[in-house]
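User: Got a model open and a few questions about its contacts. Mind if we go through them quickly?

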Amino acid sequence: MADTRYTKDHEYIQVTGDIGVVGITDYAQQQLGDIVFVELPEVGRSFGKGDEAAVVESVKAASEIYAPVGGEVIEVNAAIEGEPAVVNEDPTGRGWFLKLRVADAAELGDLMDEGAYRQYVATLG
Amino acid sequence: MTSASPENPESTQPLSTGAAPLRRTPLHLRHQALGARMAPFAGYALPIQYPDGIIAEHLHVRAAAGLFDVSHMGQAWLAGPDHETTARALEALVPADILGLAPGQQRYALLLNAQGGIRDDLMVARPADPMAAGRLFLVVNAACKEQDWLHIASAMPGDVTLETEERALLALQGPLAAEVMARFAPDAVELRFMDVTATQVAGIDVRVSRSGYTGEDGFEISVANDDAGALWDLLLTAPQVKPAGLGARDSLRLEAGLCLYGHDINQETSPVEAALTWSIAKRRRIDMDFPGAIRITEEIAGGPLRRRVGLLPEGRAPVREGAQIFDEAGELVGEVTSGGFGPSVGAPVAMGYVVSEFAKPGARVQVALRGRRVPAAVTPMPFTPHRYRR
């Protein structure tokens, strides 16, 4: 069972073992509106925690997606490049962005769990 | 996730950055009840989108009819003793043919500065009603309206006065807009593109023009604030009509190749550079009796140094306002002034200024995007054909 953690920038990472699936939350996709373009990194690239890992564009604006923790990209979801609207439809399922091999599991401890993230979103109004 | 683009119109309006409370249109509560996402624009809280989202709203306007609240725009009368006096007074500020405007007609005009730059773009209408002789109705951009009114009022001769009005403005836009208006105001359907009339919609006094900012057939309806809610509700009862927000308005006007003031045109751009030379009347070019006439007539004769063009970037990544444009040798040749995803085109679309050498259809350029260069083709606008009822 994956353990899901969240950033204040509304990325999630679903961790199973040392593999994390990264995407944006339902709140994020709602805020962005219709997503029309996703730019994903190359497999094999490594990111530090907080590095810009992907770009998502809505009709109105471009937004950067940051690596929630450091690690190496082992897979990207090419399906959302062809059909970006999937990120709106199913952000935490079929709309995932990339899989990371987590470099340092301790970094996950800095992220919010489900309950903390819900509380955080509630404060955003 | 953080927003990295200055493209949001609400984030680029200097008037919205202060601590002053946002103004509300008479339809504010209706937008909230419809679940709109409200955002600041030109000092107003305005609906950016409703729950259907920008793409659905955009496509609905192209397929049926969308209803926009554009009450933030500035409305005023210019009132003088007769048409010639009022028209000549306004012609001192704009290069359009106002004198030759027939009763019941509207015309696009540019307020120019002394250097031939564009202070604002506006619509000027001459009422059909002979009782309104000597009066012209002006609609200007929200972000410019205070400055425009000061500028116009201070330039008028003693017998011409500017009377600003606090009224609502609704835009009903789309191929089925006429079908909807036929039900509520049959005489409005007789109008052709850029005609105006004063009439009633189901008993509500309105001023209607057949015009808009989407490239589609449609109507812009000026109505008293107190009647705006009833008119909005009535038009939304038509099954063809859905509300549409400023987000869709922006993507629609971009596909239609229409300029957004403060982005595609500004105090530095001339009408010739902006590919708006068509709005400068022949008589005015000969008489050279408008602000900046020397620069503008020189540019008409010799060609401008740069020109506004359409751009079709390759691939799916939108290019945004502010992106630099290069030639294939890597020389900087221009800048994107509006860009985004065109829902009807199904691909990214943009407009911007390039040096004249590249201002021809098919010219190849490259647009900077996140550290790389995206190939793009200079292309004629509009991106989607205008469907006005001429």
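User: Start with B:Glu166. Buried or exposed?
Analyst: B:Glu166 is exposed, at 54% relative accessibility. Keep in mind that this is a predicted model.

User: What about B:Arg23, how accessible is that one?
Analyst: B:Arg23 has 36% relative accessibility, so it counts as partly exposed.

User: Which residue does B:Arg23 form a salt bridge with?
Analyst: Its partner is B:Glu166. The closest N and O atoms are 3.4 Å apart.

User: How many salt bridges over all chains?
Analyst: The structure holds 33.

User: Which residue does B:Glu314 pair with?
Analyst: B:Glu314 forms a salt bridge with B:Arg364, with 2.7 Å between the closest N and O atoms. B:Glu314 lies in the loop between β16 (306-313) and β17 (324-326) of chain B, and B:Arg364 in strand β20 (residues 364-369), so this bridge ties together parts that are 50 residues apart in sequence.

User: And how accessible are those two?
Analyst: B:Glu314 is partly exposed, at 43% relative accessibility. B:Arg364 is partly exposed too, with a relative accessible area of 33%.

User: Now B:Glu299 and B:Arg295. Which helix are they in?
Analyst: Both lie in helix α9 (residues 293-302) of chain B. They are 4 residues apart, about one turn of the helix.

User: Which residues are linked in a network of salt bridges?
Analyst: B:Glu91, B:Asp97, B:Arg107, B:Arg283, B:Arg284 and B:Asp289.

User: Switching to the chain interface. How many residues does each chain give to the contact?
Analyst: Chain A gives 25 and chain B gives 25.

User: What area do chain A and chain B bury between them?
Analyst: About 2,100 Å², with 50% of it on carbon and sulfur atoms. On the chain A side, A:Val36, A:Val59 and A:Lys60 supply 32% of the area buried against chain B, more than any other three residues.

User: How many salt bridges cross that interface?
Analyst: The rule finds 4 salt bridges between chain A and chain B. One of the salt bridges in the model joins B:Arg370 to A:Glu57, with the closest N and O atoms 2.9 Å apart.

User: What classes of residue are on the chain A side?
Analyst: There are 11 nonpolar, 6 polar and 8 charged residues.

User: Last topic, domains. What domains is chain B divided into?
Analyst: Domain 1 covers 9-73 + 167-255, and domain 2 covers 305-384 + 386-390. Taken over C-alpha atoms, 28 Å separate their centres. The contact takes 18 residues from domain 1 and 19 residues from domain 2 of chain B.

User: What area do the two domains bury between them?
Analyst: About 1,700 Å², with 53% of it on carbon and sulfur atoms. In domain 1, B:Phe193, B:Leu254 and B:Glu255 lose the most area to domain 2, together 42% of what that side buries.

User: How many salt bridges cross the domain interface?
Analyst: The rule finds 1 salt bridge between domain 1 and domain 2 of chain B. The rule also finds 15 residue pairs in polar contact there, both residues at pLDDT 80 or more.

User: Which elements on the domain 1 side give two or more residues?
Analyst: α2 (54-63) and α7 (246-255) of chain B. By class, the domain 1 side has 7 nonpolar, 3 polar and 8 charged residues.

Methods:
Residues numbered from 1 in each chain as written. Chains lettered and ligands numbered in written order. Predicted model: local features only at pLDDT ≥ 70, side-chain atom pairs only at ≥ 80, totals over all residues. Heavy atoms only, no water. Contact = heavy atoms within 4.5 Å. Buried area = accessible area lost by both parts, 1.4 Å probe. Salt bridge = Lys/Arg side-chain N within 4 Å of Asp/Glu carboxyl O. Nonpolar A, V, L, I, M, F, W, Y, C, P; charged D, E, K, R; others polar. Buried < 20%, exposed > 50% of the residue type's maximum accessible area, 1.4 Å probe, protein only. Domains from an automatic or database assignment. Polar contact = N/O pair within 3.5 Å; in protein donor to acceptor, adjacent residues only side chain to side chain.
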